Amino acid sequence: MRIWAKSMEKRLQNGRNKTDTVKTDAVKTDAVKRTQAVSCGTACSCEAARRMGDKELEKSEIRRMVKERRSRMPQDVLQRKSQVICEAVMGLDVFHSAGIVLAYMDCKGEVSTRPLLDASWRLGKRVAAPRVEGENMRYYYISSYADVADGYFHVPEPVEGCPACGVEAEDAILLVPGVGFDGSRNRCGYGKGFYDRYLAAHTRHATVALAFDFQIVEEIPTRPEDIRPQILVTESGIRI
């Protein structure tokens, strides 16, 4: 009986050892899988970040290229082209039907909006300009150029005391600036995302971008949050 008992005890012990080995292997396999999953997730995140970084590098090159092109253009030529572009905007149905014009204040060599502002005031339209507030911007009504002063990054902004736009301006036409555009109306701005965030929250505006022909490039790299203007106007034509 003692011999038989020792034999059974040995076989039970061997069984426990095999079970422990299987459990240990399973734990190791699970750990490897988790490590691989984390590595894959990290690699995917890094790849996505790399792609986004590449897009920003491409946009930086577009900004540099357009700035160089602009620097070669005489100021009087830019003013004449701005007049042509603004007159084309004035001919759009969305401008004629708009009671409120949300305009940008040009200051960095963009298409001048002065002809549009002057025409809007003359026609009795209300005009508003954006003011940067933290990570966002808000539009305030202006009745003359005296209502704006040097603001965020030296861009003219409405001064304190100008009335803020409310729900009545949700259907206003909105003039969109930009550094570069492509034939599909994709836009490259200055990299802060103010217009994309504003337009994501205010979806009823008719949006019209103003640009010189030398600002049109073959392709603008895009992100999901980028919002294209509905209409792009240059001195040579209108893209819709």
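**Exercise 1. In what order do the seven strands of the open sheet lie?**

Let's start with the ground rules. This is a predicted model, in which local features need pLDDT of at least 70, side-chain atom pairs count only at pLDDT 80 or more, and totals for chains, interfaces and linings use all residues. Residues are numbered from 1 along each chain as its sequence is written, and side-chain values use heavy atoms, leaving out hydrogens and water.

Step 1: The order is β3-β2-β1-β6-β9-β10-β11, with mixed pairing. Strands are DSSP runs of E with at least two residues, helices runs of H or I with at least four, numbered from the N terminus; two strands pair if DSSP finds at least two bridges between them.

Step 2: At the edges, β3 (136–142) and β11 (237–239) each pair on one side only.

Step 3: Strand β1 (residues 100–102) runs parallel to β2, joined by three bridges.

**Exercise 2. Work out how helices α2 and α4 pack.**

Step 1: Their axes (lines fitted to C-alpha atoms over the stretch in contact, with angles from 0 to 180 degrees between N-to-C directions) are 8 Å apart, at an angle of about 40°.

Step 2: The two helices are therefore oblique to each other; angles under 35 degrees count as roughly parallel, over 145 as roughly antiparallel, 65 to 115 as roughly perpendicular and the rest as oblique.

Step 3: The contact (heavy atoms within 4.5 Å) involves Gln 83, Cys 86, Val 89 and Met 90 of α2, with Pro 115, Leu 116 and Ala 119 of α4.

**Exercise 3. Is Arg 131 buried or exposed?**

Step 1: Find Arg 131 in strand β2 (residues 126–133).

Step 2: Its relative accessible area is 10%, so Arg 131 is buried (under 20%; exposed is over 50%, partly exposed in between, with a 1.4 Å probe and protein chains only).
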